Amino acid sequence: MLTCRTVWKKLTPLARASSAVCRQNVRRTGLNNARTPLCVPVAHMSTGPAGGGGDNLKYALLVGAAFVGGLTYAVVTLKGDQQRHQERLAEISSRRQKSAAKQAATPLQTEPPAAEAAQTEAHLEPKPEVPAAEVAEAAAPSETTEQSPASKPASPKLPSHAPYLLIGGGTASFAAARSIRARDPGAKVLIVTDEPDLPYMRPPLSKELWFSDDPSVTETLRFKQWNGKERSIYFQPPSFYIDPEDLNSAENGGVAVLASRKVVHMDVRGNKVKLDDDTEISYDKCLIATGGVPRNLQVIERAGEEVMKRTTLFRKIEDFKALDNVSRNKQSITIIGGGFLGSELACALGRRSTESGLEVIQMFPEKGNMGKVLPEYLSNWTTEKVKKEGVKVLTEALVKSVSYKDDKLEIKLKDGRLVKTDHIVAAVGLEPNVDLAKSAGLEVDSDFGGYRVNAELQARSNIWVAGDAACFYDIRLGRRRVEHHDHAVVSGRLAGENMTGASKPYWHQSMFWSDLGPDVGYEAIGIVDSSLPTVGVFAKATAKDTPKAATEESGTGIRSESETEDTASSAVASSTPSPAVQHKDEYGKGVIFYLRDKVVVGIILWNVFNRMPIARKIIKDGEEHADLNEVAKLFNIHED
């Protein structure tokens, strides 16, 4: 081919010159004879010097050589291209066969190794990345919690629009999702949570999980309720949810969880939010159920990094895991706080201390455990109960400073007492998460905190708030903000109904409960504040008057799940007369009434269970009662 191309380049000038000479001879002949010759003798064009015969021969030879060379070049080029095409097709076919064989040999592999991914990227469709949170739970029948983010930046395309967007992955958000799906079976619901876990219930983290005999409880997160039945802390298994990237294409809708992502900005006018990775998601209806974050003491925050590393703010699954690990590897733990959470953790760790020799200390500024809630006599009784669980209780303890010295934390109290410990648990309350208030232009209540909402839990058009973050107006008790499981369930459920057009007001009086182990527990409703006047009516407890017996009767350890909207109209007062005087140390079971302007505004049922509808009706009626001993008979506390 190169030879033909070279010859052609050399002969081209000659061919052009010969052609020009030929045309000149023909023109000259025509001019001399005054006409164009009809026939040119063949001999004249092929031989003889006269009339340019030699030049014509050269011209013919050159044209012929050029034609043969061009034809040869074209044939060779076409054959080469065809051969290379066949080789390319064979290579692609072989590559696909190898890839298919590899996939058949390894069916459980979720994504190809890096070396093969580079070869197969152009020919294989990438599989959607399964949320890591679901993979972790599906890997173990007991629903483990070794969960990494359910969706990562490298995951398949996330939905750009969600008809129902729920911000927060807690109890209120899950209750709303279930309510939305109940009223709108084809609804597409997207839950965005900054936790790596699927929606779960928080109460067992400070209650039943600590009494489990399973050494792997931090992995399984399964526990035995007081009635002996086993369950998981998760509301639903991973199979209940669909992948976020499949939400828009789901024919029958569903609930998707986008985990380990945080909403950092809300555009209320544009009905869209921005995530911490700059992803934008638009919505039709939105629920804010962001809950709260644990408070800390300023003296701890100012104490430095070494102190903060040895301090737990108890709230999430990861906090339970971390504290469990500390309790097994340290010699001393100090709990600061005497409320529900602090007292529950103190009892749980105290019982463990009898087996492991762990020193458990609880300190708080009140005179007794749960001193802000219980009357003083009952608070003192509870403190003695906590001490019997193996806890060293320091009352009227105000923390002055915390420091780290000689591998120990030193807590100095304002009265001069010094406590040395290995680890601190700060259980001093919850701060409602209102981070989105500024960007969304939502009002935050200056007295109670949280987003101010109307009677239908609505903050703005197409925006609702539920759970710990909602400051709502109670038609009976005024504006309130409640931080309990049952309120999260009820407010979330109502918000979900209103997001689907129900337009229902919030009137439910939510309850809450606390257990100091399987033998002592109480349920409460309304405003229970120890600063209010109280009237307590008690009776001797029996074997069935315990949290364990209560869960055996109801079949569940999360007592708000057995709550109904029943009224107390069918309640029958006990015919057994109540004693006029109660011995000061006999607090086996009873009812404590909290009064404001002689009207009952709060009730605690002490080791009295499954009577909450009666208490709810008493508060709803808002009547004055001349003799609360007669009212206490409605709860049948004097019957064995």
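**Ground rules.** I am working with a predicted model, where local features need pLDDT of at least 70, side-chain atom pairs count only at pLDDT 80 or more, and totals for chains, interfaces and linings use all residues. Residues are numbered from 1 along each chain as its sequence is written, and side-chain values use heavy atoms, with hydrogens and water left out.

**Helix H14.** I looked up H14, residues 485-499 (helices are DSSP runs of H or I, at least four residues, and strands runs of E, at least two, numbered from the N terminus). Its 15 residues should span 21 Å at 1.5 Å a residue, and the end C-alpha atoms are 21 Å apart, which agrees (the expected span is 1.5 Å times one less than the number of residues). I found 14 of the 15 residues buried, so H14 is largely enclosed by the rest of the structure (buried means under 20% relative accessible area, with a 1.4 Å probe and protein chains only). Just after H14, I noted a positive phi of about 100 degrees at Gly501.

**Cores.** Next I checked the largest nonpolar core, which has 126 residues (a core is a set of buried Ala, Val, Leu, Ile, Met, Phe, Trp, Tyr and Cys residues joined through side-chain atoms within 4.5 Å). Strand S28, residues 599-606, gives the most to this core, with six residues. I also found a second, separate core of 15 residues, including Val307 and Leu394.

**Helix pair.** Last, I saw that the axes of H10 (residues 317-329) and H11 (residues 340-356) come within 11 Å and cross at roughly 35 degrees (axes are lines fitted to C-alpha atoms over the stretch in contact, with angles from 0 to 180 degrees between N-to-C directions; contact means heavy atoms within 4.5 Å). Among the residues making the contact are Leu323 of H10 and Leu345 of H11.

Conventions
Buried means under 20% relative accessible area, exposed over 50%, partly exposed in between (1.4 Å probe, protein chains only).
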